Amino acid sequence: MNLSLKHLTKKFGEKTVLNDVSCSLGEIRSLAIIGPSGGGKSTLIRLIAGLIPPSSGTIQLDKQTVLNDEAFLIEYRKKLGMVFQAYNLFPHLTAIENVMLPLIHVHHIPKETARKQAKECLQRFQLEEHEDKLPAHLSGGQQQRVAIARAIASESKYLLFDEPTSALDPELTGEVLDMINELRQEGKEFIVVTHEMGFAKNACDYVVFIADGKIIEHGASQSLFSDPQTTELQSFLSRILEWN
Ligand SMILES: Nc1ncnc2c1ncn2[C@@H]1O[C@H](COP(=O)(O)OP(=O)(O)O)[C@@H](O)[C@H]1O
Ligand SMILES: [Mg+2]
């Protein structure tokens with residue numbers, strides 16, 4: 001993917017959450033967005049997803065400007081599969097019904113075809129034994145894997161994750177990160193907001209570090225972690241890695 005941000009600003013009321021952010025990332029396959037809490041990471045990924053409009057400035061994905069126009073956004077959002085920190089699944093629907101829902105309502109696939117596609121997708125990720133269970137009867141890790149399977153079943157071009165493992169117990173984090181890494185190895189491109197620095201370093205090509213509504217530093221992941229240039233990133237990494 002090719003992502004470019006130009007003078008991107010987002011305000012909520014009086015509060016400026018992203019402040020005149022510009023950066024051109026060229027051709028990358030996987031991007032990690034890291035930084036302290038409240039810095040604007042979720043706001044940035046939601047802007048990229050076309051879920052909220054910028055206050056000013058532009059986003060270009062694959063050289064196409066994201067327009068604040070409903071007809072454009074309906075098509076644009078079909079290209080993206082978004083997975084959030086938690087509560088991704090509809091609680092009253094089974095795993096397979098959750099996967100089928102966007103196939104039927106967003107992609108207008110007939111119900112029986114959607115069921116077949118959803119089944120294949122759950123099988124592919126070893127989730128078939130859970131297909132008739134409600135989310136409440138799945139572990140957090142299984143729920144997130146179903147949510148990722150749903151994004152894949154919809155054949156979205158890119159996956160966007162906002163802290164997909166932050167609500168999980170540590171032993172469940174690995175199974176979700178493994179699944180994302182498996183998709184990466186198959187060539188699926190994604191953007192992930194994460195506090196898992198090992199994952200950002202080893203499973204993402206490129207990293208953007210955001211704090212206080214600004215991109216403080218960005219670069220190829222290996223060099224950014226081994227040789228952080230700014231005091232902000234140095235102190236962020238030392239704080240987050242202190243107990244590792
Ligand atoms: N819908 C909103 N209305 C008002 N303030 C918001 C809204 N969404 C986020 N914020 C504020 O914007 C800042 C950045 O939030 P966020 O993008 O969620 O940061 P991060 O994901 O890095 O923790 C925070 O101070 C948050 O309180
Ligand atoms: Mg966030």
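Helices here are DSSP runs of H or I with at least four residues, strands are E runs of at least two, and both are numbered from the N terminus. (Buried takes 20 or more other C-beta atoms within 10 Å of a residue's own, exposed takes 12 or fewer, partly exposed is in between, and C-beta atoms are placed from the backbone.)

A word on what you're looking at: this is a predicted model, where local features need pLDDT of at least 70 and side-chain atom pairs count only at pLDDT 80 or more, while totals for chains, interfaces and linings use all residues. Residues are numbered from 1 along each chain as its sequence is written, and chains are lettered from A and ligands numbered from 1 in the order in which they are written.

**Stop two: α3 on α4**

Now show α3 and α4 together: they pack at about 125°, with their axes 9 Å apart. (Axes are lines fitted to C-alpha atoms, for helices over the stretch in contact, and angles run from 0 to 180 degrees between N-to-C directions.) That makes α3 oblique to α4; under 35 degrees counts as roughly parallel, over 145 as roughly antiparallel, 65 to 115 as roughly perpendicular, and the rest as oblique. On the α3 side, pick Ala95, Ile96, Val99, Met100, Leu103 and Ile104; among their partners on α4 are Ala114, Ala118, Cys121 and Leu122. Contact here means C-beta atoms, placed from the backbone, within 7 Å.

**Stop three: the loop**

Next, jump to histidine 108, in the loop between α3 (95–105) and α4 (111–124). Its phi is near 55°, a positive value in a residue other than glycine. Is histidine 108 buried or exposed? Histidine 108 is exposed, with 8 other C-beta atoms within 10 Å.

**Stop four: α5 beside α6**

Select residues 140–153 for α5 and 170–185 for α6: their axes come within 8 Å and cross at roughly 15°. That makes α5 roughly parallel to α6. Gly140, Gly141, Gln144, Arg145 and Ile148 in α5 meet Leu172, Glu175, Val176 and Met179 in α6.

**Last stop: strand β2**

Finish at aspartate 20, in strand β2 (residues 15–27). Its phi is near 55°, positive in a residue other than glycine. Aspartate 20 is partly exposed, with 14 other C-beta atoms within 10 Å.

Terms used: Two residues are in contact if their C-beta atoms, placed from the backbone, lie within 7 Å.
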